[in-house]
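Please read it alongside the sequence and the model.

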Amino acid sequence: MEDLKAKTPASCKDLPALLTSFVDTFVDFSVTGHFLLPETPTPPQPLQTYYPPQDRLIAIGDLHGDLAKTKQSLRLANLIDASDKWAGGSATVVQVGDVLDRVGDELKILYFLEKLRREAARCGGTVITMHGNHEIMNVEGDFRYATKEGLDEFVNWAHWYTTGNRMKSLCKGLEKPRDPFEGLPSVFNNVKGESAEGFRARIAALRPDGPVTSRFLSKNVTVLVIGDSVFVHGGLLAKHVKYGLEKMNEEVREWINGVKGRLAPEYCRGGNSVVWLRKFSDEIADKCDCSALEHVLATIPGAKRMIMGHTIQEFGINGACNERAIRIDVGMSKGCGNGLPEVLEINGNSSLRILTSNPLYQKKYASSAEAGRREGVGLLEHGPQQVEFCWMYIFLGMLKNDTIETIASFPGGEIFYE
């Protein structure tokens, strides 16, 4: 027995990575039900801002804590199977931000997207996640849109994370785990007593260099160019492009990792920032600043369109400014609109179509047939009575959940029911 005691610390010291991996996997499963084996540590690489055109690209709008709608969106594009495993082959997925707030499955979505990122990579696919204004707000400690369920989810995370730290601390050969609550008060001004524990857990997880922030959000990009499409949560102005897209991505990651202080860079804060801008996403297309958009796109070599989330499009994914602005936030989360999922599909460089689960898709616009015909996305030019479209539709069947899957293609325009 004495010999065993003498050997135990040395054994732990020789196997820190194995023990840490076991504990981290245990914590992950306890929090979300997912096994995420720790990745092999590698030197940090610059975030990739520019990608060549992809054979198949799926863009998904704001998710806001709704895991069920997240999975529905992915299934619309046949990206996951019945077991929630990656089935998209070499496809590329871009989620344009706002995973956090409004519904209580925020951590579950972060873990799920990370799981898919790893599964996709093994199949030649790519999952790219982006910052929305709600990611920026939460890292800054602005929780005004967090729900009770969301706070409870972070309390549960904190319980298992600290349990994992205590397990690691039992091994003398391991470095003492960092306390995520270090420096945080137990009481907060203007926070109700019953919310204080969740508020504190959320700060611990999401503050700059917090465990959740550094593990998941540090992989997000703020702006992205794939082929001739520019992706950003709110919008880009000429001054942002002049500042540098790659520079913004790296600076935001540095802030996320605790290098740049408490507040986000200026271009992520305020109404004209890259995550808050609504200049190109107003549902009434006449209010979109098309001349400013044209100028911005002209400053990005090869760019033909800007794809944005952030502003809910009540009538579904649509385009404005001669389809140079594509708006993909359909308010699908039950916490803000509870709309039926829609995603944007891009094949190659320029063939775009909408994949939707909305059985009323064509009915909402049927009265506008007399408005005229032209190739396009069914643009919301002046409100629902002015939509112009060129669609054919064929009924093929009903989905298991009693909604109809439709595919609205553009240019050329087709709606198929599957």
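Strand S6 (residues 229–232) and strand S7 (residues 305–308) run parallel and are joined by four bridges; helices (H or I, at least four residues) and strands (E, at least two) are DSSP runs, numbered from the N terminus. Serine 229 has arginine 305 in S7 as its bridge partner. Helix H11 packs on the sheet and touches S6, S7 and S9, contact meaning heavy atoms within 4.5 Å. The direction of H11 makes about 110 degrees with that of S7; axes are lines fitted to C-alpha atoms, for helices over the stretch in contact, and angles run from 0 to 180 degrees between N-to-C directions.

This is a predicted model, in which local features need pLDDT of at least 70, side-chain atom pairs count only at pLDDT 80 or more, and totals for chains, interfaces and linings use all residues. Residues are numbered from 1 along each chain as its sequence is written, and side-chain values use heavy atoms, with hydrogens and water left out.

The open sheet has six strands in the order S1-S5-S6-S7-S9-S8, with mixed pairing; two strands pair if DSSP finds at least two bridges between them. S1 (50–51) and S8 are at the edges with a single partner strand each, so one side of each lacks a neighbour in the sheet.

The structure holds one disulfide, a pair of cysteine sulfur atoms within 2.5 Å. Cysteine 290 is joined to cysteine 321, S to S 2.0 Å.

| Residue | Relative accessibility and class |
|---|---|
| Cysteine 290 | 28%, partly exposed |
| Cysteine 321 | 7%, buried |
| Cysteine 171 | 4%, buried |
| Cysteine 336 | 14%, buried |

Key
Buried means under 20% relative accessible area, exposed over 50%, partly exposed in between (1.4 Å probe, protein chains only).
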